[in-house]
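Visitor: I have a model open here and would like to talk it through with you. Could we take it piece by piece?
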Amino acid sequence: MYENQKDFIENFMAQQFLFEKQWKRVRSHAQKLGISIMGDMPIYVGYHSADVWANRKSFLLDKNGFPTFVSGVPPDAFSETGQLWNSPLYDWKSMEADGFAWWVKRIKRALDLYDEFRIDHFRGLAGFWAVPSGSEVAMFGSWRAGPRNAFFDALFKAVGKINIIAEDLGLITEDVVELRKSIGAPGMAVLQFAFGGGPGNPHLPHNHELNQVVYTGTHDNDTAVGWWQSLPEEEKHTVFKYLPQVSNSDVSWALIATALSSVARTSMVTMQDILSLGSSARMNTPATQKGNWRWRIPSCVSFDSLSLEEAKLKELLGLYNRL
């Protein structure tokens with residue numbers, strides 16, 4: 001088997017080696033400039049990964065090594081049948097028995113790459129949706145308890161205090177909120193989710209918290225321009241009530257200004273929104289398998305040509321004391 005794939009494996013190893021060297025130079029330069037690099041950690045790993053192959057006892061697999069249950073979420077705003085991710089689920093009891101050793105290694109590796117990182121689908125650490133393997137949709141799963149504080153107690157003991165951002169979107173129950181607050185991790189607010197459900201919507205600016213990260217939109221959202229163009233007129237009227245400065249021609253910068261003016265300690269804006277790009281620049285569409293993660297800054301865009309955007313961003317950062 002190795003001989004058949006020898007060239008592919010050795011090329012892959014060389015690419016990983018070169019990327020590691022280049023990344024260390026980038027991170028070292030960022031640290032000298034006082035720039036903190038934020039990474040992103042998917043909660044689950046792929047079935048065909050080396051992680052599953054080498055750590056079978058840590059996953060819910062049958063005697064032949066196939067998943068018994070897979071990951072996903074029940075029906076949500078993105079899909080009427082839920083999102084079926086099909087990643088194998090963790091055997092949390094088995095992991096706890098060895099002090100979550102696999103996760104400790106994973107966290108240490110992340111700290112080699114980033115200064116802080118977001119754990120995607122944080123709610124899965126409080127309770128996760130288990131879908132029988134072979135299902136075509138995610139709606140027929142069931143909730144199971146996650147490892148909760150035992151998980152973080154073990155991590156902090158092994159690694160020390162780490163800077164985590166909790167992706168607490170979706171169906172968030174009180175146990176998820178309690179877990180996040182117990183470890184002092186900031187949650188997320190997303191402005192594109194803010195304008196429905198009345199004045200108590202946690203994504204609305206007046207409900208933001210200090211220990212939070214506010215986004216114009218995440219990698220799962222459309223761009224601000226694409227989102228605005230797809231909104232029905234009655235929903236646009238709701239947005240106008242809260243953000244009267246929004247206009248059809250400058251919606252990206254209205255959301256950027258709103259994010260930067262938030263009380264949340266950190267604001268995140270995408271390059272697509274800084275460039276005021278439409279739906280063709282969307283990064284990811286949840287519950288779809290193809291065509292995602294392909295957007296790159298257009299080759300025709302030079303950073304030297306973005307003086308107007310630079311001036312706008314600097315003005316807003318200064319206005320809201322974020323310089």
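Visitor: How do the residues of the lining of the second largest pocket divide into nonpolar, polar and charged?
Guide: Bearing in mind that this is a predicted model, the lining of the second largest pocket divides into ten nonpolar residues, one polar residue and six charged ones.

Visitor: And how much space lies in that second largest pocket?
Guide: The second largest pocket holds about 600 Å³ of space, and of the 17 residues that line this pocket, those closest to its centre are Asp51, Arg106, Arg109, Ala110 and Leu113.

Visitor: Which element gives the largest share of the lining of the second largest pocket?
Guide: That is α4, with six residues of the lining; α1 (6-32), β1 (38-41), α2 (50-54) and α4 (101-113) each supply at least two residues.

Visitor: Switching to the sheets: in what order do the strands of the parallel one come?
Guide: Three strands form that open sheet, in the order β1-β4-β7, with parallel pairing. The strands β1 and β7 (164-166) stand at its edges with a single partner strand each, so one side of each is left without a neighbour in the sheet. On average, and with direction ignored, neighbouring strands of this sheet are turned by 25 degrees against each other.

Visitor: How many bridges join β1 to β4?
Guide: Four bridges join β1 to strand β4, residues 116-119, and the two run parallel; as one of the pairings, Met41 has Ile119 in β4 as its bridge partner.

Visitor: What does α4 touch when it packs on the sheet?
Guide: In packing on the sheet, α4 touches β1 and β4, and the direction of α4 makes about 150 degrees with that of β1.

Visitor: Now the antiparallel sheet, please: what is the strand order there?
Guide: Four strands form an open sheet in the order β3-β2-β5-β6, and their pairing is antiparallel. Here β3 (83-88) and β6 (142-145) are the edge strands, each with a single partner strand, so one side of each is left without a neighbour in the sheet. The twist averages 45 degrees from one strand to the next.

Visitor: Which residue of β6 is the bridge partner of Gly127?
Guide: The bridge partner of Gly127 in β6 is Ala145, and altogether four bridges join strand β5, residues 127-132, to β6, the two strands running antiparallel.

Visitor: In general, through what do strands of a sheet pair?
Guide: Strands of a sheet pair through backbone hydrogen bonds, in either a parallel or an antiparallel manner.

Technical notes: Residues are numbered from 1 along each chain as its sequence is written. This is a predicted model: local features need pLDDT of at least 70, side-chain atom pairs count only at pLDDT 80 or more; totals for chains, interfaces and linings use all residues. Side-chain values use heavy atoms; hydrogens and water are left out. Two strands pair if DSSP finds at least two bridges between them. Axes are lines fitted to C-alpha atoms, for helices over the stretch in contact, and angles run from 0 to 180 degrees between N-to-C directions. On a 1 Å grid over the protein atoms alone, a cavity is a set of points where a 1.4 Å probe fits but cannot get out, and a pocket is an open set with protein on both sides within 12 Å along at least five of seven lines; lining residues have an atom within 4 Å of a point. Grid points are joined across faces, edges and corners, and a volume is the space filled by probe spheres set on the points. Ala, Val, Leu, Ile, Met, Phe, Trp, Tyr, Cys and Pro count as nonpolar, Asp, Glu, Lys and Arg as charged, and the others, Gly among them, as polar. Contact means heavy atoms within 4.5 Å.
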